[in-house]
Number of protein chains: 2
Amino acid sequence: MNATEAAEVSRDPRTGARTEGPAVTSVDEVARLAARAARDAERIADCPPAVRADWLEAIATALEHDTEELAALADAETALGVDRLRGEVGRAAAQARFYGRVAAEGSWLDIRIDRFDGVDLRRINRPLGPVAVFGASNFPFAFGVVGHDTSSALAAGCPVLVKGHPAHPRLSARLGATVTAALRAAGAPEGTFALVHGFEAGLALVDAPEVTAVAFTGSQAGGMALVERAARRPVPVPVFAEMGTVNPAVLTPAAAADDEVLRTAASGFVASFTLGQGQFCTKPGLLLAPRGSGAADAVAGALTGTEPGWLLTEGIASAYRKGLADLEAAGARLVASVAAHPEGFAAAPTLLTAPAEALVPGSRLLEECFGPVALVVEYDDAEQLRALLARLQPSLAAAVASAGETDPDLPWLVPLLSRKAGRVVVDGWPTGVVTTWAQQHGGPWPATSRPEATSVGAAALDRFTRPVAFQNVPQPALPDALRDDNPWRLPRRIDGVRETDGGGA
Amino acid sequence: MNATEAAEVSRDPRTGARTEGPAVTSVDEVARLAARAARDAERIADCPPAVRADWLEAIATALEHDTEELAALADAETALGVDRLRGEVGRAAAQARFYGRVAAEGSWLDIRIDRFDGVDLRRINRPLGPVAVFGASNFPFAFGVVGHDTSSALAAGCPVLVKGHPAHPRLSARLGATVTAALRAAGAPEGTFALVHGFEAGLALVDAPEVTAVAFTGSQAGGMALVERAARRPVPVPVFAEMGTVNPAVLTPAAAADDEVLRTAASGFVASFTLGQGQFCTKPGLLLAPRGSGAADAVAGALTGTEPGWLLTEGIASAYRKGLADLEAAGARLVASVAAHPEGFAAAPTLLTAPAEALVPGSRLLEECFGPVALVVEYDDAEQLRALLARLQPSLAAAVASAGETDPDLPWLVPLLSRKAGRVVVDGWPTGVVTTWAQQHGGPWPATSRPEATSVGAAALDRFTRPVAFQNVPQPALPDALRDDNPWRLPRRIDGVRETDGGGA
């Protein structure tokens with residue numbers, strides 16, 4: 001094996017400069033780590049959820065403590081800017097705490113107890129076991145080594161095996177060390193967490209018999225490859241792949257008729273599609289605007305003030321340039337662009353337009369182009385708008401820029417969009433996914449591989465559990481959470497009715 | 001197309017006699033029915049759940065009204081006996097009512113509303129759309145045309161397209177007519193329900209672009225074929241296949257040491273594995289008993305009084321005879337059997353034994369044999385028992401016959417079994433799956449294709465929904481269920497906290 005195969009390579013997107021990254025993990029070492037995770041899985045699953053919340057608190061505190069160092073390291077590998085990255089460290093810490101609170105609250109265990117005719121039946125969601133996590137390039141903290149997938153899986157009681165991201169290998173290694181130390185200090189079993197590096201190690205992780213689920217955030221190609229690989233295992237496991245498509249935004253006629261609303265929408269759209277250099281899975285990539293509304297000009301005007309930046313990797317930068325060329329070849333026309341930096345993985349923020357007729361199934365115009373580009377397409381009337389929306393792929397999110405709650409198009413647009421998206425936003429933009437109880441970050445295939453799942457919000461834990469019923473099992477042999485005395489004071493449904501207090505002794 | 005291809009053939013298992021069944025459904029007609037279901041899907045989804053509960057009540061009433069006729073027709077095609085079938089009609093009616101109540105109660109919608117920093121985020125589970133249902137041969141009512149899958153999908157707001165079962169085609173057609181008439185009289189849209197007949201029609205159903213999920217109950221081969229076919233669709237859809245494996249039962253040393261407990265366990269085991277001629281997916285197919293406990297003799301004694309019966313189809317009967325031969329070829333030895341009827345699809349209730357060493361991964365002994373046969377295997381000690389259990393495939397259910405709550409083996413056996421089964425039963429048998437809030441009828445792969453799902457109990461609705469979040473959507477454009485005034489009085493979680501009353505106006 002030569003040097004480039006033995007270690008990851010870290011690149012500086014601003015210059016392209018290379019630094020040696022962490023050593024790749026051998027397939028044997030992956031097997032050892034998976035076995036260690038499986039060995040400790042039951043101990044982790046049987047911990048009271050409040051104990052795992054303490055582990056997550058320890059991780060959050062460690063992240064916060066190292067914020068400056070982490071943000072600087074991330075900036076050197078992603079060029080996303082220290083301010084944004086500092087904020088994202090805080091966000092990852094807040095997520096870890098949130099999932100810990102959700103774990104301790106206990107609704108995710110969905111405890112149900114029925115007693116009738118001599119039968120005692122008790123149901124609970126049990127952690128699946130070791131989870132393999134493949135983080136995203138574009139959120140090195142929030143969807144990274146210790147992002148949503150890792151924190152929610154740990155909260156749900158599953159050991160986590162993370163594949164470090166090749167776009168930020170040194171940061172991955174640093175985060176891995178932070179998490180490992182925090183968990184050890186908090187008293188978590190050794191098998192609770194492990195990090196591996198390298199492409200082959202990632203494949204070994206998906207194939208490891210001990211792995212019970214895979215969580216992935218990234219491209220269609222990457223996600224579908226994992227879905228197919230996991231389906232070919234002797235024992236298939238679910239892959240929760242959050243991949244993304246083109247997220248549409250609609251400007252209604254009433255919104256377009258009001259100059260101020262139009263200007264606000266145009267600048268909001270630009271801010272959203274260029275945020276993080278357009279490297280968001282929730283980027284609004286398409287604005288459908290009424291014909292003659294002047295929306296394209298308004299958006300072009302707003303684009304003028306945009307600062308150019310760098311994309312995360314050389315591959316993303318070249319895919320972006322190819323994407324722009326392919327979009328033009330598919331019928332798009334340049335409206336405006338901002339000059340790119342002269343070196344590094346630079347990208348020119350770009351606005352395109354295309355005739356409605358060009359948006360046909362199979363067209364490149366309907367596929368995601370990762371980076372700071374969006375398309376404005378004009379529609380004639382509600383009928384054509386409806387037809388255009390029908391042709392789009394389902395998406396993680398969809399947005400409407402409206403004239404407010406009396407806008408006559410909202411009552412049909414919102415339900416229609418809700419049938420094709422995981423989240424519908426009115427008078428806001430889909431970038432920015434808050435971590436709360438009601439969040440849904442998912443969507444119909446092919447936006448995700450598992451439309452019933454979310455990778456953000458309280459329901460993220462649900463992905464990593466399986467229900468089990470216990471029939472007439474004596475108290476001493478029941479899991480603690482199902483015992484009559486409810487020692488963890490978890491919410492329960494008894495004979496079909498929710499207990500109104502926490503129950504318990 | 002010749003006559004046998006144009007119509008299904010109904011067989012009498014007691015004699016093998018043939019009767020012409022309903023005409024097969026053309027692929028064009030399947031397409032028309034799927035389009036009709038999709039046309040009405042939103043109307044059905046937007047109904048208050050209590051309205052759909054009324055539809056299910058109408059179905060239940062119609063089933064009860066026709067009990068005698070339905071039971072007689074089912075008996076002619078299944079030989080399961082009129083008494084059992086009469087009871088099963090009542091069970092299907094009770095299920096329909098139960099799922100209607102669950103729908104109206106509304107927890108399955110999992111409504112969450114968060115408000116913070118000017119953001120209003122509301123999340124709800126939305127019905128997926130048309131669901132294709134493939135019922136089971138062995139429960140013509142409870143898992144048939146209007147069994148668990150159909151009733152729970154309707155309750156969740158999904159139109160249902162059922163493939164009639166070739167083992168009871170005339171009953172399927174009759175049930176289809178009953179359901180159609182009941183739904184029409186109750187005011188349900190025309191697209192709420194349809195029935196198709198024939199193998200090609202079934203494939204067309206799985207391929208129909210309008211179909212959003214498939215529910216199946218039956219064999220490994222059938223289930224896996226549907227899983228693979230649905231994965232190859234341009235838009236893959238989930239297949240909830242409840243297939244089943246060998247459900248193990250363990251007799252503990254303490255139980256075996258008590259003569260009365262042993263005798264009770266032996267007769268309970270026989271009653272369970274021969275129930276419905278052993279044609280239950282929850283049949284306990286394997287009893288692990290302490291060496292020298294005399295369990296095999298006790299079970300053999302209990303088998304003596306068993307009445308032989310007929311299997312559902314010629315195919316099942318010949319697979320049963322082949323299965324017995326294959327089990328013996330794999331190392332099993334006959335302990336006892338009851339003479340089979342001389343004609344029809346007859347089966348001899350049979351008890352086999354095998355040495356523990358023969359239970360190795362890949363052995364036929366570890367695979368399901370549908371019909372009235374079970375295997376008794378003796379173990380030396382806890383260590384060997386643990387090793388034997390590790391070699392088994394995961395299952396829908398697992399049972400322990402114990403000496404009661406002080407039995408020292410329960411505290412390790414129950415958790416171990418819960419890691420490999422969807423339900424663990426102590427001092428009872430897995431056959432008999434009650435329809436309640438806490439039920440879990442599912443299990444790890446390959447017992448089912450979706451270990452997170454259940455096909456019985458309140459959570460059965462969850463299979464047919466997908467969450468959607470609405471961000472800053474004005475009240476008039478929200479789904480009724482998410483409006484501030486909570487017109488359907490559904491349970492909700494506000495800012496992470498459950499409302500303690502039903503909320504609403």
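Analyst: One may begin with buried area, which is the accessible area that two parts lose on being put together, summed over both. This model is predicted. Chain A and chain B bury about 5,100 Å² between them, and 57% of that area lies on carbon and sulfur atoms.

User: How many residues does each chain bring to the contact?

Analyst: Contact here means heavy atoms within 4.5 Å. Chain A contributes 56 residues and chain B contributes 56 residues. On the side of chain A, Trp437(A), Arg466(A) and Gln471(A) lose the most area to chain B. Together these residues account for 12% of what that side buries.

User: How many salt bridges are found across the interface of chain A and chain B?

Analyst: A salt bridge is read from a side-chain nitrogen of Lys or Arg within 4 Å of a carboxyl oxygen of Asp or Glu. By that rule, 6 salt bridges cross the interface of chain A and chain B. The structure holds 66 salt bridges over all chains. A salt bridge also joins Arg493(A) to Glu105(B), with the closest N and O atoms 3.2 Å apart.

User: Which parts of chain B does the salt bridge between Arg170(B) and Glu77(B) tie together?

Analyst: The closest N and O atoms of Arg170(B) and Glu77(B) are 3.9 Å apart. Arg170(B) belongs to helix α7 (residues 169–185) of chain B and Glu77(B) to helix α4 (residues 67–78) of chain B, so the pair ties together parts that are 93 residues apart in sequence. For exposure, buried means under 20% relative accessible area and exposed means over 50%, with partly exposed in between. Arg170(B), at a relative accessible area of 27%, is partly exposed, whereas Glu77(B), at 0%, is buried.

User: Where in chain B do Asp484(B) and Arg115(B) lie?

Analyst: Asp484(B) forms a salt bridge with Arg115(B), and the closest N and O atoms are 3.9 Å apart. This pair links distant parts of the chain, 369 residues apart. Asp484(B) is in the loop between β19 (465–471) and β20 (492–494) of chain B, while Arg115(B) is in strand β3 (residues 111–116) of chain B. Asp484(B) counts as partly exposed at 41% relative accessibility, and Arg115(B) is partly exposed with a relative accessible area of 41%.

User: Is Arg492(B) buried or partly exposed?

Analyst: Arg492(B) has a relative accessible area of 9% and is therefore buried. The side chain of Arg492(B) meets that of Glu499(B) in a salt bridge, at 3.0 Å from N to O. Glu499(B) counts as partly exposed, at 24% relative accessibility. Salt bridges may also share partners, as in the network that joins Arg36(A), Arg39(A), Asp40(A) and Glu190(A).

User: How many disulfides does a search of the whole structure find?

Analyst: A disulfide requires a pair of cysteine sulfur atoms within 2.5 Å. The search finds 0 disulfides over all chains. For Cys158(A), the nearest cysteine sulfur is that of Cys47(A), 12 Å away. Cys158(A) counts as buried, at 0% relative accessibility. For Cys281(B), the nearest cysteine sulfur is that of Cys369(B), 15 Å away. Cys281(B) is buried as well, with a relative accessible area of 10%.

User: What does the domain assignment of chain A give?

Analyst: The assignment gives domain 1 (23–243 + 453–463) and domain 2 (247–426). The centres of domain 1 of chain A and domain 2 of chain A, taken over C-alpha atoms, are separated by 32 Å. In the contact, 11 residues of domain 1 of chain A meet 11 residues of domain 2 of chain A. The two domains bury about 860 Å² between them, with 63% of it on carbon and sulfur atoms. In domain 1 of chain A, Ala79(A), Asn138(A) and Glu242(A) lose the most area to domain 2 of chain A, together 38% of what that side buries. The count of salt bridges between domain 1 of chain A and domain 2 of chain A is 0.

User: Which residues of chain A does the UniProt annotation cover?

Analyst: The unreviewed UniProt entry carries the annotation "domain: Aldehyde dehydrogenase" over residues 11–403 of chain A. Over residues 11–403, chain A is 45% helix and 21% strand.

Terms used
Residues numbered from 1 in each chain as written. Chains lettered and ligands numbered in written order. Predicted model: local features only at pLDDT ≥ 70, side-chain atom pairs only at ≥ 80, totals over all residues. Heavy atoms only, no water. Buried < 20%, exposed > 50% of the residue type's maximum accessible area, 1.4 Å probe, protein only. Helix = DSSP H or I, 4+ residues; strand = E, 2+ residues; numbered from the N terminus. UniProt positions renumbered as here; feature names shortened; annotations may be inferred. Domains from an automatic or database assignment. Buried area = accessible area lost by both parts, 1.4 Å probe.
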